[in-house]
Amino acid sequence: MPPSRRAIRNRAVAIFGGTFDPVHYGHLRAAAEISERLKVSDFRLLPAGRPPHREGTWAEAFHRLAMLELAVAPYPDLHVDEREVRRDGPSFMVETLESVRAEVGEVPLLLCVGQDAANQLDQWHRWQDLPELAHLVVMTRPRSAPRYPASLAEVLEKRRVTRARDLMRSPAGLVCHVEVTQLEISSTDIRRQLARGWDPRFLLPATVLAYIRKHGLYGAGETNPANG
Ligand code: ATP
């Protein structure tokens, strides 16, 4: 018997990929809002192992994973998905989604990306296969307006829905733009502050900041007077 609409609605899985170098309250607030608004039962923050679109990461994957685990520890609805970090080679989202889909079955699968990442979606490996695997949830972000190249805009527009709840009616294939609270926080800025010996407290969880200082990540020293 096919699952009832209610059953489907209660079983959405969301994937929020990033380098999380380090994770901060911009990421966490966006995750919390999407999770709540779309009634996601399983929201996964998924750190990239070796991101294909970047030179590399500042902190090693195991550190980024550990910081994410600390950040979500108090929140049982948020999880960390380790599959890209555990896999060898570059982290292609299309392969990640294939492996998640094989695991979760025909439930709505939401790929959550910030507007800045969405603008460059056509540079992702096999990007045209993504809609077969998941819905796309574009989270709007400060100073990052939609700037889709024409070929991408055409694909997204055809699939676009305005009501987030429409995503719960099918496993994949739709695109929805969802506004999240605009927190002007970036990992780049946090790394810069740490390297200068400044204190980025309140931009990220205190547990994560303590971990950064303990391991001397991003040029932060344990001897910094701001270390609590
Ligand atoms: P960096 O400054 O190193 O580029 P970042 O802060 O943008 O890092 P990423 O790990 O690259 O963080 O981002 C992962 C995802 O989180 C991306 O889709 C990005 O758009 C989104 N994101 C990052 N910062 C915010 C924020 N302040 N509010 C909402 N979404 C964010």
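Modeller: Let's start with cavities. The count comes to 1 cavity of 30 Å³ or more. A cavity here is a set of points on a 1 Å grid, over the protein atoms alone, where a 1.4 Å probe fits but cannot get out. This is a predicted model: local features need pLDDT of at least 70, side-chain atom pairs count only at pLDDT 80 or more, and totals for chains, interfaces and linings use all residues. Residues are numbered from 1 along each chain as its sequence is written, and side-chain values use heavy atoms, with hydrogens and water left out.

Biologist: How much space lies in the largest cavity?
Modeller: About 120 Å³. That volume is the space filled by probe spheres set on the grid points, which are joined across faces, edges and corners.

Biologist: Which residues lie nearest its centre?
Modeller: Leu121, Leu130, Pro131, Leu136 and Leu156, out of 15 lining residues. Lining means having an atom within 4 Å of a point.

Biologist: Which elements supply at least two residues of that lining?
Modeller: α7 (130-133), β5 and α8 (150-159). α8 has the largest share, with 3 residues. Helices are DSSP runs of H or I with at least four residues, strands are runs of E with at least two, and numbering goes from the N terminus.

Biologist: And the lining by class?
Modeller: 12 nonpolar, 2 polar and 1 charged. Nonpolar covers Ala, Val, Leu, Ile, Met, Phe, Trp, Tyr, Cys and Pro; charged is Asp, Glu, Lys and Arg; the others, Gly among them, are polar.

Biologist: Now pockets. What lines the second largest pocket?
Modeller: The lining includes Tyr25, Arg29, Leu70, Tyr75, Asp77 and Pro205. α2 (25-37) and α3 (61-72) each give two or more residues. α2 gives the most, with 4. A pocket is an open set with protein on both sides within 12 Å along at least five of seven lines.

Biologist: How much space lies in it, and how does its lining divide?
Modeller: About 220 Å³ of space. The lining residues divide into 9 nonpolar, 1 polar and 2 charged.

Biologist: On to the sheet. What's the strand order?
Modeller: β3-β2-β1-β4-β5-β6, an open sheet of 6 strands with parallel pairing. Two strands pair if DSSP finds at least two bridges between them. β3 (78-80) and β6 (175-179) are at the edges with a single partner strand each, so one side of each has no neighbour in the sheet.

Biologist: Back to β5. How many bridges does it share with β4?
Modeller: 5, in the parallel sense, between residues 109-114 of β4 and 135-140 of β5. Leu136 in β5 is the bridge partner of Leu111. Leu136 is also among the residues nearest the centre of the largest cavity.
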